[in-house]
Amino acid sequence: MNRSPLQLQHYHFVTLALHAREGLNPANLANNESPYPDFEGVHLEPEVSLFSDDDAGDCGPYLLRLEMAYKPEDDHFPYSFEVIIEGLFGLKDSGSVEDCKKTVVVNGASVLYSAAREQLMTLSGRHMYGPMLLPALNFQHLDL
């Protein structure tokens, strides 16, 4: 198996907050198909920012920041949360700087989202409404 040209060198959370909403009726949250809250109608819109020093014309290193928050206003979703996660990525030169940036943004955002998804699942596992599993997202539409 070959290593990916994109390597995550480090990541950390700037913000990681999860709140179980009070006053919800657990019977209204029951879902027989899955042990997790239903994300139907929930629109997650992560914001992705890329920081680099491209003056030398090199591909990286890159700092990628993913921000995501959900604060429901209705009574069907049991949690509100906020995540800001940053990752430092290295990339073996794979073409132009623009190609490098696109690779880091699309694939790096997927890596960071997966880390945030797993951390929120772990945190919510002991909350009153049980574990929450964020849906898989496609980051191919991102362009910086």
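Contact is defined here as heavy atoms within 4.5 Å. The structure is a predicted model, in which local features need pLDDT of at least 70, side-chain atom pairs count only at pLDDT 80 or more, and totals for chains, interfaces and linings use all residues. Residues are numbered from 1 along each chain as its sequence is written, and side-chain values use heavy atoms, with hydrogens and water left out.

**View 1. Overall arrangement of the protein.** Among contacts between residues at least 6 apart in sequence, 72% join residues at least 24 apart. The protein has 2 helices and 4 strands, and the order along the sequence is β-α-β-β-β-α. Helices (H or I, at least four residues) and strands (E, at least two) are DSSP runs, numbered from the N terminus. Of the 144 residues, 37% are buried, where buried means under 20% relative accessible area, exposed over 50% and partly exposed in between (1.4 Å probe, protein chains only). The accessible surface comes to about 8700 Å², and carbon and sulfur atoms account for 47% of this surface. Accessible areas come from the Shrake-Rupley method with a 1.4 Å probe; for residues, only the protein chains shown count as cover.

**View 2. The largest nonpolar core.** A nonpolar core is a set of buried Ala, Val, Leu, Ile, Met, Phe, Trp, Tyr and Cys residues joined through side-chain atoms within 4.5 Å. The largest one holds 36 residues, of which Leu44, Leu64, Leu66, Phe81, Met132 and Leu134 touch the most other members. At least two residues of this core come from each of strand 1 (6-20), strand 2 (47-52), strand 3 (62-70), strand 4 (79-91) and helix 2 (97-124). Helix 2 contributes the most, with 10 residues.

**View 3. Surroundings of Phe81.** With neighbours within four places in sequence set aside, Phe81 is in contact with Ala17, Leu18, Leu44, Met68, Ala69, Tyr70, Leu120, Met132 and Leu134.

**View 4. Arg21 in a loop.** Arg21 lies in the loop between strand 1 and helix 1 (26-29). Arg21 is classed as buried because its relative accessible area is 18%. The Arg21 side chain reaches the backbone oxygen of Phe77 at 2.6 Å.

**View 5. Arg65 in strand 3.** Arg65 belongs to strand 3. Apart from residues up to four places away in sequence, Arg65 touches Val14, Glu47, Val48, Ser49, Phe51, Ile84, Ile85 and Glu86. The C-alpha atoms of Arg65 and Phe51 are 8.2 Å apart, with a separation of 14 residues in sequence. The side chains of Arg65 and Glu86 make a polar contact (2.6 Å). A polar contact is a pair of N or O atoms within 3.5 Å; within protein, one must be able to donate a hydrogen and the other to accept it, and residues adjacent in sequence count only if both atoms are side-chain atoms.
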